[in-house]
Amino acid sequence: ARDIPRDAARALASYQQACGKTSSVGCAPLGHALLRRGDPVSKRAAVRAFESACRANDDGACVELAGLLLKGKAVARNTKRAARLLHTACGRKEMKACHFLGQMYRQGDRTGRDPARADAYYHRACVAGFLPSCSARARMLLVGDGVAPAGEKARALLRKTCGKKVWSDCVYLAQHLASATGQGEQALQLLTRTCTAGHKLSCILQAQLSLEQGQGDVQVAIDL
């Protein structure tokens, strides 16, 4: 532990003591600490720590392990095993797992693209309060990405996440409103609120849209 700060080394030692044959309580924190070190040896040790925590039914650790398996980081890529871990964790109400399943089925990453299942997993996690799933579902519904377009439902989800300070969704919603006939004033009001809250990109877009509205052209000329 000579290459990391003393406090971090002490924490790492404590996690290692709490991750052994008789206890797994420190295994997930140990895995995260090892990943932060970044070197190949530490990453492989992190995989082992997450494996131990996952075997002890730590669903969060199972999700972390699944993420490493999906990316093939420090461990051989294994999409099928990752999917099994995520299905189990989602079934036990680990919403991050449900979100990752939504991503897998939306992208078709060796599971076969299935937008309807992706939407169902996003909906489940969103209802439970996992905002990234609300964002992802809104985008699917707004453009009809493999599902029936549902503009009003999508806008409601974006207003929800925007209200929770997911600034990218505020901008996305404002762009959508700005491109819709008769919605330019709503877009401007939304950008004004988010600009006032301190989001710099919203301030730039607000100024741009104000100028364009003055010219009778309500469009935001920026591609996220």
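1. C195, with a relative accessible area of 17%, is buried, whereas C203, with 26%, is partly exposed; here buried means under 20% relative accessible area, exposed over 50%, and partly exposed in between, with a 1.4 Å probe and protein chains only.

2. On the basis of these values, this is a predicted model, in which local features need pLDDT of at least 70 and side-chain atom pairs count only at pLDDT 80 or more, while totals for chains, interfaces and linings use all residues. Residues are numbered from 1 along each chain as its sequence is written, and side-chain values use heavy atoms, with hydrogens and water left out.

3. How many disulfides does a search of the whole structure find? The search finds six, and when the bonded cysteines of the protein are numbered in sequence order, the pairing reads 1-2, 3-4, 5-6, 7-8, 9-10, 11-12. One of the disulfides joins C126 to C134, with an S to S distance of 2.1 Å; with 100° about the S-S bond this link is right-handed, and both C126 and C134 are buried.

4. The disulfide of C54 and C62 has its sulfur atoms 2.0 Å apart, and the torsion about its S-S bond is about 105°, so it is right-handed. C54 counts as buried at 10% relative accessibility, and C62 is likewise buried, with a relative accessible area of 4%.

5. C62 is also among the buried residues of helix 4, where helices (H or I, at least four residues) and strands (E, at least two) are DSSP runs numbered from the N terminus. Helix 4 covers residues 59-71, and at 1.5 Å a residue its 13 residues should span 18 Å, which agrees with the 19 Å between its end C-alpha atoms; the expected span is 1.5 Å times one less than the number of residues.

6. Ten of the 13 residues of helix 4 are buried, so this helix is largely enclosed by the rest of the structure. The buried residues, including D59, V63 and L70, pack against helix 2 (27-37), helix 3 (40-55), helix 5 (79-91) and helix 6 (95-107), contact being taken as heavy atoms within 4.5 Å.

7. After helix 4 comes G72, whose phi is positive, near 70°.

8. Helix 6 can be read in the same way. Its 13 residues should span 18 Å at 1.5 Å a residue, and the end C-alpha atoms are 18 Å apart, which agrees. The buried residues of helix 6, among them M95, C98, H99 and Y105, pack against helix 4, helix 5, helix 7 (115-127) and helix 8 (131-143). Just after helix 6, G108 takes a positive phi of about 70°.

9. A last point concerns S14, which is placed in helix 1 (residues 6-17) and counts as partly exposed at 41% relative accessibility. The C-alpha atoms of S14 and G184 are separated by 56 Å, the two residues being 170 residues apart along the chain.

Technical notes. Disulfide = S-S within 2.5 Å.
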